[in-house]
Structures are given as C-alpha cells and as structure tokens.
Amino acid sequence: MDAPISFQELHALVVEDEKLNAFIVIKILNRWGITTLHAQNGLEAVALSSKERFSFILMDLQMPEMDGLLATREIRADEKNPNSETPIWAFTAYATDDARIACEKAGMNYFLTKPLDADLLKCLIHRNFLNFKAVS
C-alpha cells in the first residue's frame, strides 16, 4: 500500500471569475495547506494547465472568455497537457440535472455547488488523494 499523502503535497487550480468566490475557496484550500493558482476564466485555465501539473482543478461553469465546460473539453482533448487526466470538479450555482449531465459529458469528475460546502470538498479531497485503513 502506498504511503498516504498530506494536503500539503497537493496543488490546485481554482478557476472562478467571481473574485469573492475565488477568495473564499482559495482561503479554505490554503488553510488546509493546499497550494493554489487562480484563473479568472477558461482561457486562463487552459493556458495554466498546459504549463503546470495540478492535483485537481476546481472549475466554475459560467465565465467570460471561455466557460468551464469548453475549458474542460480542451484540457481533456490535449494529450500533451499534463492535466489531461487530472480530476476536474465542477463548481457552480446551477445545480440542475442538465448541468450535471453537461459536466459529465465534458469530462468533469465531480459536481460541487455554490455556496461551497467545505466539509464536502474536504471529503472529496480525502477520497481522491488520501489512503485510509478501514476501521473495524
């Protein structure tokens, strides 16, 4: 079994055009020891993701320049992108079945709604990156 990693070893890309939302998410992640970079739209996300490997990407859906769905499709389609298989988690205020289906079709791995449930995000990070022994 691999040794568990700590949150301090994780590096996230937060893609969010609303400054307050970005500030809150980045503050939470940084408090947990996760380093972050911020992109204000999908174009910036695609550019940053092509240059640097992230542990996960938290992607807003509706943004200027390029939305999160198109950005995700571009990241997934580029085999040279170091994040083509990185977990991409939708982060949106549009918690509809249609939005969930669109996220899945674009290649997103999970769907988080706004306002952010920090406990849910922490559970998602644990589930994806930390190893646990089952307690009997």
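**Close-up views of a predicted chain**

View 1. Counted by residue, 5 of the 5 residues of β4 are buried; helices (H or I, at least four residues) and strands (E, at least two) are DSSP runs numbered from the N terminus. The strands β3 and β4 run parallel and are joined by 4 bridges, two strands being paired if DSSP finds at least two bridges between them. Met 59 stands opposite Ala 90 in β4.

**View 2. The largest nonpolar core and a second, separate one.** The largest nonpolar core holds 22 residues, and those with the most contacts inside it are Leu 29, Ile 34, Trp 89 and Ile 125; such a core is a set of buried Ala, Val, Leu, Ile, Met, Phe, Trp, Tyr and Cys residues joined through side-chain atoms within 4.5 Å. Two or more residues of this core come from each of β1 (11-15), α1 (19-31), β3 (56-60), β4 (88-92) and α5 (118-129), and the largest share, 5 residues, comes from α1. A second, separate core of 21 residues includes Met 59, Met 63, Leu 69 and Ile 88.

**View 3. The surroundings of Trp 89.** Leaving aside neighbours within four places in sequence, Trp 89 is in contact (heavy atoms within 4.5 Å) with residues including Phe 56, Leu 58, Tyr 110, Leu 121, Ile 125 and Phe 129.

View 4. Ser 55 is found in the loop between α2 (42-51) and β3, and it counts as buried because its relative accessibility is 15%. Apart from neighbours within four places in sequence, Ser 55 is in contact with Glu 9, Leu 10, His 11, Thr 86, Pro 87 and Phe 129.

**View 5. Backbone geometry in two loops.** The peptide bond from Lys 114 to Pro 115 is cis, with omega near -5°, and Pro 115 lies in the loop between β5 (110-113) and α5. Glu 65, in the loop between β3 and α3 (68-77), has a phi near 75°, a positive value in a residue other than glycine. Glu 65 counts as exposed because its relative accessibility is 63%.

**View 6. Confidence and the stretch 132-136.** The protein chain averages a pLDDT of 91, and 92% of the residues score at least 70, pLDDT being the predictor's confidence in each residue, from 0 to 100. Over residues 132-136 the pLDDT is below 50, and beyond near neighbours in sequence this stretch has 2 contacts in the model. Where pLDDT is low, the predicted coordinates should not be read in detail.

**Notes to all views.** Residues are numbered from 1 along each chain as its sequence is written, and side-chain values use heavy atoms, with hydrogens and water left out. Local features of this predicted model need pLDDT of at least 70 and side-chain atom pairs count only at pLDDT 80 or more, whereas totals for chains, interfaces and linings use all residues.

Key. Buried < 20%, exposed > 50% of the residue type's maximum accessible area, 1.4 Å probe, protein only.
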